[in-house]
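Hi there,

Here is the model I promised to pass on. Have a look at it first, and then read my notes below.

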Amino acid sequence: MPLDEDKYPVESDRRRFVKGVVGGASLAGIATAGAAAVNSATAPSGEGGGTTTFRAVENTDGPAPRGMPQIPIELEPIDGEDDFYIKGVWPEVSTETQQGREVTVAKEEIGGVEYSSEWYQYCGVQTYAGVYPNAQKENSDLTNYFRYTKSSKYEWQNNDVSGGEKMKLSHFDDYKTWGNGVGTDGIGKPANGTWRSEGLDPAETMPVEVIRSERIEEAAKESEWLKASTSKGVMAHLNKCTHFCCVPGFKQEGSAKFAAADAIYCQCHQSVYDPFNIVEKSFVALPRPAKE
Ligand code: FES
(Lines give C-alpha, C1' and ligand atoms only; values in the text may rest on other atoms or scores of the structure.)
Protein backbone atom coordinates (compact mmCIF):
# COMPACT_ATOMS: atom_id res chain seq x y z
CA MET A 1 0.00 0.00 0.00
CA PRO A 2 1.21 3.55 -0.57
CA LEU A 3 2.93 5.46 2.19
CA ASP A 4 0.94 7.88 4.23
CA GLU A 5 0.47 11.28 2.71
CA ASP A 6 2.35 13.73 4.89
CA LYS A 7 0.59 16.99 5.44
CA TYR A 8 3.69 19.08 5.97
CA PRO A 9 5.86 19.96 2.95
CA VAL A 10 9.05 19.64 4.95
CA GLU A 11 8.15 16.05 5.81
CA SER A 12 7.35 15.28 2.17
CA ASP A 13 10.74 16.57 1.17
CA ARG A 14 12.43 14.29 3.65
CA ARG A 15 10.49 11.34 2.30
CA ARG A 16 11.42 12.17 -1.26
CA PHE A 17 15.01 12.36 -0.11
CA VAL A 18 14.79 8.93 1.52
CA LYS A 19 13.23 7.44 -1.59
CA GLY A 20 15.93 9.05 -3.72
CA VAL A 21 18.70 7.55 -1.64
CA VAL A 22 17.16 4.08 -1.79
CA GLY A 23 16.63 4.27 -5.53
CA GLY A 24 20.13 5.55 -6.15
CA ALA A 25 21.70 2.87 -3.98
CA SER A 26 19.87 0.09 -5.87
CA LEU A 27 21.11 1.37 -9.20
CA ALA A 28 24.64 1.66 -7.89
CA GLY A 29 24.37 -1.90 -6.63
CA ILE A 30 23.52 -3.18 -10.10
CA ALA A 31 26.32 -1.26 -11.75
CA THR A 32 29.11 -2.25 -9.38
CA ALA A 33 27.97 -5.33 -7.53
CA GLY A 34 30.14 -6.24 -4.58
CA ALA A 35 32.25 -3.11 -4.60
CA ALA A 36 33.25 -1.89 -1.16
CA ALA A 37 32.22 1.63 -2.11
CA VAL A 38 28.66 0.44 -2.60
CA ASN A 39 28.59 -1.18 0.81
CA SER A 40 29.58 2.01 2.54
CA ALA A 41 27.08 3.98 0.48
CA THR A 42 24.19 1.67 1.29
CA ALA A 43 24.96 0.63 4.88
CA PRO A 44 22.35 2.14 7.21
CA SER A 45 23.68 4.42 9.94
CA GLY A 46 22.07 2.17 12.54
CA GLU A 47 20.06 -0.99 12.97
CA GLY A 48 16.63 -1.80 11.61
CA GLY A 49 14.36 0.89 10.21
CA GLY A 50 12.96 1.37 6.72
CA THR A 51 9.48 1.16 5.28
CA THR A 52 7.26 -0.51 7.84
CA THR A 53 3.60 -1.41 7.70
CA PHE A 54 1.86 -1.24 11.05
CA ARG A 55 -1.52 -1.04 12.76
CA ALA A 56 -2.54 2.32 14.13
CA VAL A 57 -5.25 4.16 15.98
CA GLU A 58 -6.53 6.19 13.05
CA ASN A 59 -5.56 9.85 12.70
CA THR A 60 -8.80 11.63 11.81
CA ASP A 61 -7.93 15.33 12.04
CA GLY A 62 -5.12 17.82 12.57
CA PRO A 63 -1.55 17.93 11.26
CA ALA A 64 -0.38 14.45 12.37
CA PRO A 65 0.78 12.49 9.32
CA ARG A 66 -0.55 9.09 10.45
CA GLY A 67 -2.01 7.18 13.37
CA MET A 68 -0.13 6.12 16.49
CA PRO A 69 1.07 2.50 16.62
CA GLN A 70 -1.07 -0.01 18.46
CA ILE A 71 0.66 -2.27 21.01
CA PRO A 72 -0.70 -5.83 21.12
CA ILE A 73 -1.56 -6.76 24.69
CA GLU A 74 -1.87 -9.95 26.73
CA LEU A 75 -3.42 -10.67 30.11
CA GLU A 76 -1.30 -12.59 32.61
CA PRO A 77 -3.20 -14.36 35.41
CA ILE A 78 -2.09 -13.21 38.88
CA ASP A 79 -1.33 -16.02 41.35
CA GLY A 80 -3.91 -16.25 44.11
CA GLU A 81 -6.09 -13.47 42.70
CA ASP A 82 -9.02 -13.53 40.35
CA ASP A 83 -7.28 -10.87 38.26
CA PHE A 84 -4.76 -10.27 35.48
CA TYR A 85 -1.78 -8.04 34.79
CA ILE A 86 -1.97 -6.16 31.49
CA LYS A 87 1.21 -6.53 29.45
CA GLY A 88 2.37 -5.32 26.06
CA VAL A 89 3.53 -8.10 23.73
CA TRP A 90 7.11 -7.75 22.53
CA PRO A 91 7.79 -9.60 19.26
CA GLU A 92 10.09 -12.63 19.14
CA VAL A 93 13.77 -11.83 18.91
CA SER A 94 15.96 -13.36 16.21
CA THR A 95 18.92 -12.51 14.01
CA GLU A 96 18.79 -11.85 10.30
CA THR A 97 21.12 -10.57 7.63
CA GLN A 98 20.34 -7.12 6.29
CA GLN A 99 22.54 -5.72 3.56
CA GLY A 100 25.28 -8.16 4.44
CA ARG A 101 25.21 -7.43 8.19
CA GLU A 102 23.84 -9.49 11.06
CA VAL A 103 21.08 -7.53 12.71
CA THR A 104 19.00 -8.49 15.74
CA VAL A 105 15.32 -8.05 15.00
CA ALA A 106 12.09 -8.44 16.94
CA LYS A 107 9.23 -9.54 14.73
CA GLU A 108 6.54 -12.17 14.58
CA GLU A 109 3.20 -12.81 12.99
CA ILE A 110 0.20 -12.08 15.18
CA GLY A 111 -3.35 -12.46 13.91
CA GLY A 112 -2.17 -12.52 10.30
CA VAL A 113 -0.14 -9.31 10.72
CA GLU A 114 3.64 -8.95 10.82
CA TYR A 115 4.30 -7.22 14.13
CA SER A 116 7.71 -5.67 14.65
CA SER A 117 9.60 -3.43 17.06
CA GLU A 118 10.05 -1.04 14.15
CA TRP A 119 6.46 0.09 14.63
CA TYR A 120 7.73 2.29 17.45
CA GLN A 121 10.82 3.76 15.78
CA TYR A 122 9.88 7.42 15.40
CA CYS A 123 9.91 10.58 17.52
CA GLY A 124 13.22 9.65 19.17
CA VAL A 125 11.86 6.36 20.52
CA GLN A 126 14.24 4.62 18.10
CA THR A 127 17.06 5.69 20.45
CA TYR A 128 15.44 4.40 23.67
CA ALA A 129 17.02 1.35 25.28
CA GLY A 130 13.61 -0.35 25.59
CA VAL A 131 12.99 -0.43 21.84
CA TYR A 132 16.09 -2.50 21.07
CA PRO A 133 14.94 -6.01 20.17
CA ASN A 134 16.89 -7.84 22.88
CA ALA A 135 16.93 -5.02 25.44
CA GLN A 136 15.77 -7.34 28.21
CA LYS A 137 18.84 -9.51 27.77
CA GLU A 138 21.04 -6.53 28.58
CA ASN A 139 18.82 -4.99 31.25
CA SER A 140 16.98 -7.50 33.41
CA ASP A 141 14.94 -4.69 35.08
CA LEU A 142 13.00 -4.16 31.86
CA THR A 143 9.64 -5.93 31.63
CA ASN A 144 6.65 -5.92 29.31
CA TYR A 145 4.19 -4.98 32.08
CA PHE A 146 2.36 -1.72 31.64
CA ARG A 147 2.94 0.43 34.73
CA TYR A 148 1.00 3.50 35.77
CA THR A 149 2.60 6.90 35.37
CA LYS A 150 3.22 8.90 38.55
CA SER A 151 0.84 11.66 37.59
CA SER A 152 -2.01 11.11 35.20
CA LYS A 153 -4.49 13.15 33.21
CA TYR A 154 -7.15 10.96 34.83
CA GLU A 155 -8.30 11.60 38.37
CA TRP A 156 -9.30 7.97 38.94
CA GLN A 157 -5.71 6.92 38.34
CA ASN A 158 -4.25 9.57 40.66
CA ASN A 159 -6.69 8.50 43.39
CA ASP A 160 -6.85 4.71 43.05
CA VAL A 161 -3.42 3.49 41.98
CA SER A 162 0.23 4.49 42.45
CA GLY A 163 2.91 5.47 39.96
CA GLY A 164 5.01 2.49 38.92
CA GLU A 165 2.32 -0.03 39.94
CA LYS A 166 1.50 -2.72 37.37
CA MET A 167 -1.79 -2.24 35.54
CA LYS A 168 -4.43 -4.82 36.48
CA LEU A 169 -7.59 -5.71 34.63
CA SER A 170 -9.72 -5.18 37.75
CA HIS A 171 -8.75 -1.48 37.79
CA PHE A 172 -10.88 -1.15 34.66
CA ASP A 173 -13.93 -3.02 35.98
CA ASP A 174 -16.16 0.05 35.68
CA TYR A 175 -15.31 0.60 32.00
CA LYS A 176 -18.92 0.36 30.90
CA THR A 177 -19.94 3.34 33.03
CA TRP A 178 -16.78 5.36 33.67
CA GLY A 179 -16.71 9.02 32.72
CA ASN A 180 -14.67 12.12 33.50
CA GLY A 181 -17.09 14.84 32.47
CA VAL A 182 -15.64 14.98 28.94
CA GLY A 183 -17.77 13.51 26.14
CA THR A 184 -19.98 10.47 26.63
CA ASP A 185 -19.78 8.32 29.76
CA GLY A 186 -19.39 4.57 29.37
CA ILE A 187 -17.55 4.39 26.05
CA GLY A 188 -14.22 3.41 27.55
CA LYS A 189 -11.89 3.82 30.52
CA PRO A 190 -8.33 5.02 29.87
CA ALA A 191 -5.07 4.98 31.83
CA ASN A 192 -1.66 6.56 31.26
CA GLY A 193 1.25 4.20 31.54
CA THR A 194 4.79 3.33 30.65
CA TRP A 195 6.27 0.29 28.94
CA ARG A 196 9.75 -1.30 28.81
CA SER A 197 11.17 1.68 30.69
CA GLU A 198 12.07 0.38 34.17
CA GLY A 199 15.35 1.70 35.51
CA LEU A 200 16.04 3.87 32.47
CA ASP A 201 16.68 7.58 32.22
CA PRO A 202 13.23 9.25 32.40
CA ALA A 203 13.93 10.74 28.98
CA GLU A 204 13.77 7.17 27.61
CA THR A 205 10.31 6.41 28.99
CA MET A 206 7.95 4.88 26.45
CA PRO A 207 4.52 6.42 27.13
CA VAL A 208 1.46 4.27 26.50
CA GLU A 209 -2.25 4.69 26.81
CA VAL A 210 -4.46 1.74 27.67
CA ILE A 211 -8.22 1.86 27.02
CA ARG A 212 -10.82 -0.74 27.95
CA SER A 213 -14.04 -0.42 25.95
CA GLU A 214 -17.01 -2.43 24.80
CA ARG A 215 -16.33 -1.04 21.34
CA ILE A 216 -13.02 -2.88 21.28
CA GLU A 217 -14.72 -6.08 22.44
CA GLU A 218 -17.22 -5.74 19.60
CA ALA A 219 -14.63 -4.90 16.97
CA ALA A 220 -12.50 -7.89 18.03
CA LYS A 221 -15.32 -10.26 17.05
CA GLU A 222 -14.92 -9.16 13.44
CA SER A 223 -11.15 -8.90 13.13
CA GLU A 224 -8.48 -11.58 13.36
CA TRP A 225 -5.90 -8.94 14.22
CA LEU A 226 -7.96 -7.36 17.02
CA LYS A 227 -8.85 -10.78 18.37
CA ALA A 228 -5.13 -11.48 18.69
CA SER A 229 -3.93 -8.04 19.81
CA THR A 230 -6.60 -7.06 22.35
CA SER A 231 -8.29 -8.97 25.17
CA LYS A 232 -11.52 -8.41 27.11
CA GLY A 233 -11.88 -5.01 25.44
CA VAL A 234 -8.39 -3.83 26.46
CA MET A 235 -6.19 -2.23 23.84
CA ALA A 236 -3.04 -0.11 23.99
CA HIS A 237 -1.05 2.26 21.81
CA LEU A 238 2.28 4.05 22.02
CA ASN A 239 1.17 7.48 23.16
CA LYS A 240 3.47 9.71 21.09
CA CYS A 241 1.72 11.98 18.62
CA THR A 242 3.15 11.38 15.16
CA HIS A 243 3.16 15.12 14.50
CA PHE A 244 5.72 16.58 16.92
CA CYS A 245 5.77 13.85 19.56
CA CYS A 246 3.53 15.31 22.29
CA VAL A 247 1.63 12.94 24.59
CA PRO A 248 -2.11 13.07 23.74
CA GLY A 249 -5.05 11.67 25.72
CA PHE A 250 -8.44 10.00 25.36
CA LYS A 251 -11.37 12.15 26.55
CA GLN A 252 -9.02 14.97 27.37
CA GLU A 253 -9.87 18.42 28.72
CA GLY A 254 -10.21 20.95 25.90
CA SER A 255 -11.00 18.33 23.27
CA ALA A 256 -14.73 19.11 22.95
CA LYS A 257 -14.00 22.31 21.03
CA PHE A 258 -12.45 20.17 18.32
CA ALA A 259 -15.16 17.50 18.24
CA ALA A 260 -12.71 15.13 19.91
CA ALA A 261 -14.33 14.61 23.33
CA ASP A 262 -14.75 10.87 22.66
CA ALA A 263 -11.48 10.50 20.82
CA ILE A 264 -7.76 10.84 21.52
CA TYR A 265 -6.80 14.49 21.31
CA CYS A 266 -3.35 16.09 21.13
CA GLN A 267 -3.39 19.46 22.83
CA CYS A 268 -0.21 20.67 21.07
CA HIS A 269 -1.66 21.26 17.58
CA GLN A 270 -5.10 19.63 17.76
CA SER A 271 -4.48 16.30 16.09
CA VAL A 272 -7.26 13.79 16.70
CA TYR A 273 -7.10 9.99 16.72
CA ASP A 274 -9.90 7.43 16.85
CA PRO A 275 -9.01 4.54 19.19
CA PHE A 276 -11.98 2.56 17.93
CA ASN A 277 -10.79 2.47 14.37
CA ILE A 278 -7.60 0.51 13.88
CA VAL A 279 -6.12 0.96 10.43
CA GLU A 280 -3.17 -0.34 8.44
CA LYS A 281 -0.55 2.32 7.66
CA SER A 282 3.03 2.52 6.44
CA PHE A 283 5.86 4.84 7.35
CA VAL A 284 9.62 5.01 7.20
CA ALA A 285 10.83 3.73 10.58
CA LEU A 286 14.02 5.42 11.76
CA PRO A 287 17.03 3.16 12.37
CA ARG A 288 18.20 2.52 15.91
CA PRO A 289 21.67 3.94 16.57
CA ALA A 290 24.19 1.13 16.06
CA LYS A 291 25.57 -0.41 19.24
CA GLU A 292 29.27 -1.06 19.64
S1 FES B 1 -0.59 17.73 17.05
FE2 FES B 1 1.40 18.50 17.07
S3 FES B 1 2.42 17.22 18.49
FE4 FES B 1 0.41 16.44 18.44
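**Disulfides and surroundings**

The link of Cys 123 and Cys 245 is left-handed, with -90° about the S-S bond. This pair connects distant parts of the chain, 122 residues apart: Cys 123 is in the loop between strand S8 (113–116) and helix H3 (135–138), and Cys 245 is in the loop between strand S12 (234–238) and strand S13 (249–250). The S to S distance is 2.0 Å, where a disulfide is a pair of cysteine sulfur atoms within 2.5 Å. Helices (H or I, at least four residues) and strands (E, at least two) are DSSP runs, numbered from the N terminus.

Before I go on, some background: this is a predicted model, in which local features need pLDDT of at least 70 and side-chain atom pairs count only at pLDDT 80 or more, while totals for chains, interfaces and linings use all residues. Residues are numbered from 1 along each chain as its sequence is written, and side-chain values use heavy atoms, with hydrogens and water left out.

Cys 123 is buried at 18% relative accessibility, whereas Cys 245 is partly exposed at 27% (buried means under 20% relative accessible area, exposed over 50%, partly exposed in between, with a 1.4 Å probe and protein chains only).

By this distance rule there are two disulfides. The other one joins Cys 246 and Cys 268, with sulfur atoms 1.9 Å apart. Cys 246 lies in the loop between S12 and S13 and Cys 268 in the loop between strand S14 (264–266) and S15, so the pair ties together parts that are 22 residues apart in sequence. Its torsion about the S-S bond is about -90°, so this disulfide is left-handed. Cys 268 is partly exposed, at 30%. Two further cysteines are worth a look: Cys 241 is buried at 1%, and Cys 266 is buried at 2%.

Elsewhere, Ser 282 sits in strand S15 (residues 271–285) and is buried, with a relative accessible area of 2%. Its side chain makes a polar contact with the side chain of Thr 53 at 3.0 Å (a pair of N or O atoms within 3.5 Å; within protein, one must be able to donate a hydrogen and the other to accept it, and residues adjacent in sequence count only if both atoms are side-chain atoms).

For the overall picture, the protein has six helices and 16 strands, and buried residues make up 49% of its 292 residues.

Best wishes
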